[in-house]
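Please examine the sequence and the three-dimensional model displayed below. The paragraphs after it lead from the overall fold to individual residues.

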Amino acid sequence: MKHKLGIIVAIVVLTMVVFFAVKQLTIPNVLSKNEIVTQIEKSYQGEILSIVEKQKNYIASFTKEGSVFEVTIDSENGQFSHLTLVQKKNEEQPIEQTIETEPEENPPILTKQQAIDIALKEVPGELDSVEFEKTMDGGNYFVEIEQGDNEIIVQIHAITGKMLSIQYED
């Protein structure tokens, strides 16, 4: 009788151990923004401008040698994808031109609707969502547009209205 009770207890304990082990293995380990920043700094030796979490990814903007880049990082495994050059390094301007063309202290920011109109003019489709990300240079709108089975993210500079990038996702 004691032998049977010992076997039943062992089976219950073993079942619980297997259950918790499977549970631990199936729960995704989502990376934090700090871990993503560290990974970008190690990989690209750039300075982080911003990080936005979108679905299962982070979209990070960073500068390196005067140029601005954007990269998509999988939040579960940390893999990089969709590296995009957003803005090339600016040519230095003569000092007198720089003085004459100083930027306004509070330049006007596009409205959400203006950003949508700009994006839909370039990429026709059905509007899915719009997000605004404040940056040191004024901010960016990320306009998500659905075109059939494709999702397209259009990045619009919030002050200039310039389209900075178009990213196609399946």
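The structure is a predicted model, in which local features need pLDDT of at least 70 and side-chain atom pairs count only at pLDDT 80 or more, while totals for chains, interfaces and linings use all residues. Residues are numbered from 1 along each chain as its sequence is written, and side-chain values use heavy atoms, with hydrogens and water left out.

The protein chain contains 4 helices and 8 strands; helices (H or I, at least four residues) and strands (E, at least two) are DSSP runs, numbered from the N terminus. Along the sequence, these elements follow the pattern α-α-β-β-β-β-α-α-β-β-β-β. The chain has 170 residues, of which 31% count as buried. Here buried means under 20% relative accessible area, exposed means over 50%, and partly exposed lies in between, with a 1.4 Å probe and protein chains only. Among contacts (heavy atoms within 4.5 Å) between residues at least 6 apart in sequence, 31% join residues at least 24 apart.

The interior may be considered next. In soluble globular proteins, nonpolar side chains tend to be buried together. A nonpolar core is defined as a set of buried Ala, Val, Leu, Ile, Met, Phe, Trp, Tyr and Cys residues joined through side-chain atoms within 4.5 Å. The largest such core has 13 residues, and Ala 119, Tyr 141, Val 143, Ile 145, Val 154 and Ile 156 touch the most other members. Helix 4 (112–122), strand 6 (140–147) and strand 7 (150–157) each give two or more residues to this core. Apart from it lies another core, of 10 residues, which includes Ile 36, Tyr 44, Tyr 58 and Ile 73.

How are the buried residues of helix 4 arranged around its axis? The residues concerned are Ala 115, Ile 116 and Ala 119. Seen down the axis, the buried residues of helix 4 fall within an arc of 100°, so they line one face of the helix; the arc is that of the directions from the helix axis to the C-beta atoms. An α-helix has 3.6 residues a turn, so residues three or four places apart point the same way. The cover over the buried residues of helix 4 includes strand 5 (126–133), strand 6 and strand 7.

Individual residues show these relations in detail. Val 143 lies in strand 6 and counts as buried because its relative accessibility is 0%. Leaving aside neighbours within four places in sequence, Val 143 is in contact with residues including Ala 115, Ile 116 and Ala 119, and also with Val 130 and Val 154. The C-alpha atoms of Val 143 and Val 130 are separated by 4.5 Å, although the two residues are 13 residues apart along the chain.

Tyr 141 touches, among others beyond four places in sequence, Thr 111, Lys 112, Ala 115, Phe 132 and Ile 156. Thr 111 belongs to the loop between helix 3 (95–100) and helix 4, and it counts as partly exposed because its relative accessibility is 40%. Thr 111 and Tyr 141 are 30 residues apart along the chain, with their C-alpha atoms separated by 9.5 Å.

Strand 5 holds Phe 132 and Ser 129. Phe 132 is partly exposed, with a relative accessible area of 39%, and its contacts beyond four places in sequence are Gly 138, Gly 139, Asn 140, Tyr 141 and Ala 158. Ser 129 is likewise partly exposed, at 24%, and touches Phe 142, Val 143 and Glu 144 under the condition that residues up to four places away are not counted.

Finally, the surface carries a nonpolar patch formed by Leu 5, Val 9, Val 13 and Val 17, with about 350 Å² of accessible area together. Val 13 is placed in helix 1 (residues 2–26) and, at 45% relative accessibility, counts as partly exposed.

Notes: Patch = residues over 30% accessible without salt bridge, like charges linked within 9 Å, V, L, I, M, F, W, Y side chains within 5 Å. Areas by Shrake-Rupley, 256 points an atom, 1.4 Å probe, with all protein chains shown as cover. Salt bridge = Lys/Arg side-chain N within 4 Å of Asp/Glu carboxyl O.
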